[in-house]
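Good morning, and thank you for joining. I would like to take a few minutes to present one model, moving from the overall chain to its charges and its surface.

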Amino acid sequence: MYEQHFGFQESPFSITPDPRFFYANSVYLEAYANLRYGIEAKKGFIAVTGEVGTGKTTLLRKLMLSLNSTIQTVLVFNTDVSFNELLRVILRELGLPRAGKDRLGMIEELNDYLIEQLERGQTVCLLMDEVQHLSDESLEGLRLLSNLETDRQKLLQIVLIGQPELQAKLDQPHLRQLKQRIAIRCEISRLRDDEVGSYINFRLRMAGCDNPELFHTEAIEKIASYSKGIPR
């Protein structure tokens with residue numbers, strides 16, 4: 001009802017990670033550029049952290065749409081899985097056989113596929129969302145997957161997206177080898193108070209609203225205060 005009243009073509013404040021609503025401030029653009037560079041330069045591990053609701057998944061969706069056709073992405077968003085289950089998900093998403101294979105068999109299947117893609121000039125990138133939920137065993141398994149490489153480059157690019165708890169996990173002594181392999185790190189911070197108004201107006205424009213003064217200045221100040229700069 002309110003969409004019709006204000007003349008919106010769609011809801012401006014949906015919480016779904018729609019990449020059209022990617023807000024391009026300096027923090028998001030830096031994270032986006034780091035992700036693209038890390039994947040295209042085949043740096044191996046990339047980690048992005050940020051508080052709940054700061055737009056990490058939207059950033060990920062934006063990235064997936066912008067990568068060129070030589071980069072094949074596998075998105076994993078259910079991370080409450082064992083390493084073997086994670087391997088099965090990866091093989092399934094790549095269209096590779098997994099039935100009846102043990103861990104070693106699945107890794108060999110994946111390695112053969114990655115070498116084949118490399119020979120064809122293709123890059124395979126694993127995008128892991130909500131990584132803070134991964135078990136230590138699965139995180140260590142990802143480190144082992146990063147061992148799939150040639151003399152010159154990593155065969156699999158791995159992007160870890162998670163809440164600040166991810167950093168605490170990586171600080172554990174038994175995961176130090178994984179932490180040392182992360183080539184690029186970036187953090188999604190909250191919006192500054194002076195950015196909240198432009199963020200709101202950006203979403204209003206995307207939804208079809210042509211009234212930049214729909215929210216009064218005092219209202220925006222209250223929103224900035226109560227939200228603490230977290231878009232969601």
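This is a predicted model: local features need pLDDT of at least 70, side-chain atom pairs count only at pLDDT 80 or more; totals for chains, interfaces and linings use all residues.

**Overall architecture and surface**

Along its principal axes, the C-alpha trace spans about 60 × 35 × 30 Å. Of the 232 residues, 44% count as buried. Among contacts with a separation of 6 or more, 75% are between residues 24 or more positions apart. The accessible surface comes to about 12,400 Å², and carbon and sulfur atoms contribute 49% of that.

Let me turn to the charges. The chain carries 28 positive and 32 negative charges, whose mean positions are 3 Å apart. Side chains of opposite charge can pair when their charged atoms come close. How many salt bridges does the structure hold? The structure holds 12.

One of them joins Arg-92 and Glu-93, at 3.1 Å from N to O. Arg-92 is partly exposed at 44% relative accessibility, and Glu-93 is partly exposed at 42%. A further salt bridge links Glu-109 to Lys-101 at 3.3 Å, N to O; Lys-101 is partly exposed, at 28%. Arg-192 and Asp-194 also pair, with an N to O distance of 3.0 Å. Here Arg-192 is partly exposed at 47%, whereas Asp-194 counts as exposed because its relative accessible area, 58%, is over 50%.

Finally, the nonpolar surface. Tyr-2, Phe-6 and Phe-13 make a nonpolar patch of about 290 Å². Phe-13 lies in the loop between helix H1 (2-6) and helix H2 (26-40), and is partly exposed at 36% relative accessibility.

Definitions and conventions
Residues are numbered from 1 along each chain as its sequence is written. Side-chain values use heavy atoms; hydrogens and water are left out. Patches are made of residues with over 30% relative accessible area and no salt bridge: like charges are joined within 9 Å, nonpolar side chains (Val, Leu, Ile, Met, Phe, Trp, Tyr) within 5 Å. Accessible areas come from the Shrake-Rupley method with a 1.4 Å probe; for residues, only the protein chains shown count as cover. A salt bridge is a side-chain nitrogen of Lys or Arg within 4 Å of a carboxyl oxygen of Asp or Glu. Helices (H or I, at least four residues) and strands (E, at least two) are DSSP runs, numbered from the N terminus. Buried means under 20% relative accessible area, exposed over 50%, partly exposed in between (1.4 Å probe, protein chains only). Contact means heavy atoms within 4.5 Å. Lys and Arg count as positive and Asp and Glu as negative; His and the chain ends are not counted. The place of a charge is taken as NZ of Lys, CZ of Arg, CG of Asp or CD of Glu.
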